[in-house]
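This report describes the fold, helix packing and selected residues of a protein chain. The sequence and structure are shown first.

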Amino acid sequence: MSDTDRSMQHGPRSTLAGFCAGLLALFAYPAASAEISAAVEALYTSVSIYPPSANAMTVCYGFVCRRREILDFSAADRAALTQIMNAGRASAAAERAAVQKAVMWFDRRMGPIIGTEKRVAKADFRYFDDKHNYDCWDTTRNTTSLLLVLQQWNLLKHHVVGDPHYRGNTLVLQTPHNTAVLVERATKVEWAVDLWPRGYLQPPDVMPVAKWVTED
């Protein structure tokens, strides 16, 4: 059992542990040099972490980033992601397919480290297994962070990172949900990149946001 796991089990100590974890994340690496929108910045300030840099990102898990781990990108990590993304440079559609593979790479990279190789699709508090799962806030932050890193590495040719999107209409029994977004440069169409509805090592949903907002 990790120190984080133990701290989550002891009432008031969990608050102190969460505060300390936030401080560690804040000082673990410098803020990203690339400019980001206010909506993207809010993903990080709302849980007191830095946006990703070109060298590292905070991985959120445990529901609303209650647990976190720093991913320091190695030379091998960058080489693997570069190879994945270079295979999709021919077109926007090919790049979106490459992004799916990059998100799967992230899932595989972090699963054994933080225990999310046990995660399930559409996890929330009802599963009583926060230490092995992401909620949609976690997947939105993590996917946005990964996309920002790819953008900083100049690996996105046909898209830029967009603002996260929200859906949820209780009148039609649509549950609240969030997603990371890419914007196609040529058409300005927004594309959801949504890992939360998929289990471990399954490709994330990639679809136009206009369609995504109608899904349940």
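The sections below proceed from the chain as a whole to its helix contacts and then to individual residues.

## Basis of the model

This is a predicted model, in which local features need pLDDT of at least 70 and side-chain atom pairs count only at pLDDT 80 or more, whereas totals for chains, interfaces and linings use all residues. Residues are numbered from 1 along each chain as its sequence is written, and side-chain values use heavy atoms, with hydrogens and water left out.

## Overall architecture

The protein chain contains seven helices and seven strands. Helices (H or I, at least four residues) and strands (E, at least two) are DSSP runs, numbered from the N terminus. In that direction, the order of elements is α-α-α-β-β-α-α-α-β-β-β-β-β-α.

The chain has 216 residues, of which 46% count as buried. Buried means under 20% relative accessible area, exposed means over 50%, and partly exposed lies in between (1.4 Å probe, protein chains only). The accessible surface comes to about 10,600 Å², and carbon and sulfur atoms account for 57% of this area. Accessible areas come from the Shrake-Rupley method with a 1.4 Å probe; for residues, only the protein chains shown count as cover. Of the contacts (heavy atoms within 4.5 Å) between residues at least 6 apart in sequence, 59% join residues at least 24 apart.

## Packing of α4 and α5

Helix α4 (residues 75–86) and helix α5 (residues 92–114) have axes that come within 8 Å and cross at roughly 155°. Axes are lines fitted to C-alpha atoms, for helices over the stretch in contact, and angles run from 0 to 180 degrees between N-to-C directions. Angles under 35 degrees count as roughly parallel, over 145 as roughly antiparallel, 65 to 115 as roughly perpendicular and the rest as oblique. The two helices α4 and α5 are therefore roughly antiparallel to each other.

The crossing of α4 past α5 is right-handed; a crossing is left-handed if the near helix is turned anticlockwise from the far one by less than a right angle, and right-handed if clockwise. On the α4 side, Asp 77, Ala 80, Leu 81, Ile 84 and Met 85 take part, and they meet Glu 95, Ala 98, Val 99, Lys 101, Ala 102, Trp 105 and Arg 109 of α5. This contact of α4 with α5 comprises eight nonpolar, no polar and four charged residues. In this classification, Ala, Val, Leu, Ile, Met, Phe, Trp, Tyr, Cys and Pro count as nonpolar, Asp, Glu, Lys and Arg as charged, and the others, Gly among them, as polar.

## Contacts of α6

Helix α3 (residues 38–45) packs against helix α6 (residues 136–152) at an angle of about 120°, and their axes are 10 Å apart. The helices α3 and α6 are therefore oblique to each other, and α3 passes α6 in a left-handed crossing. Val 40, Leu 43 and Tyr 44 of α3 meet Trp 137, Thr 140, Arg 141, Thr 144, Ser 145 and Leu 148 of α6. By class, the α3 contact with α6 has five nonpolar, three polar and one charged residues.

The axes of α5 and α6 come within 11 Å, crossing at roughly 115°, and α5 passes α6 in a right-handed crossing. The residues involved are Val 99, Ala 102, Val 103 and Phe 106 of α5, together with Asn 142, Thr 143, Leu 146, Leu 147 and Leu 150 of α6. Seven of the residues in the contact of α5 with α6 are nonpolar, two are polar and none is charged.

## Buried polar and charged residues

Asn 178 lies in strand β5 (residues 174–184) and is buried, with a relative accessible area of 6%. Residues up to four places away in sequence not counted, Asn 178 touches Cys 136, Trp 137, Thr 140, His 165, Tyr 166, Asp 194 and Trp 212.

Arg 96 belongs to helix α5 and also counts as buried, at 12% relative accessibility. Beyond its neighbours within four places in sequence, Arg 96 is in contact with His 159, Glu 184, Trp 191 and Val 206.

Phe 63 is found in the loop between β1 (56–61) and β2 (67–72), and Val 64 lies in the loop between β1 and β2. Phi is near 80° for Phe 63, a positive value in a residue other than glycine, and near 55° for Val 64, again positive in a residue other than glycine. Phe 63 is buried, with a relative accessible area of 10%, whereas Val 64 is partly exposed at 40%.

Lys 101, in helix α5, is exposed, with a relative accessible area of 54%. Lys 101 and Pro 203 are 102 residues apart in sequence, while their C-alpha atoms are 6.9 Å apart in space.
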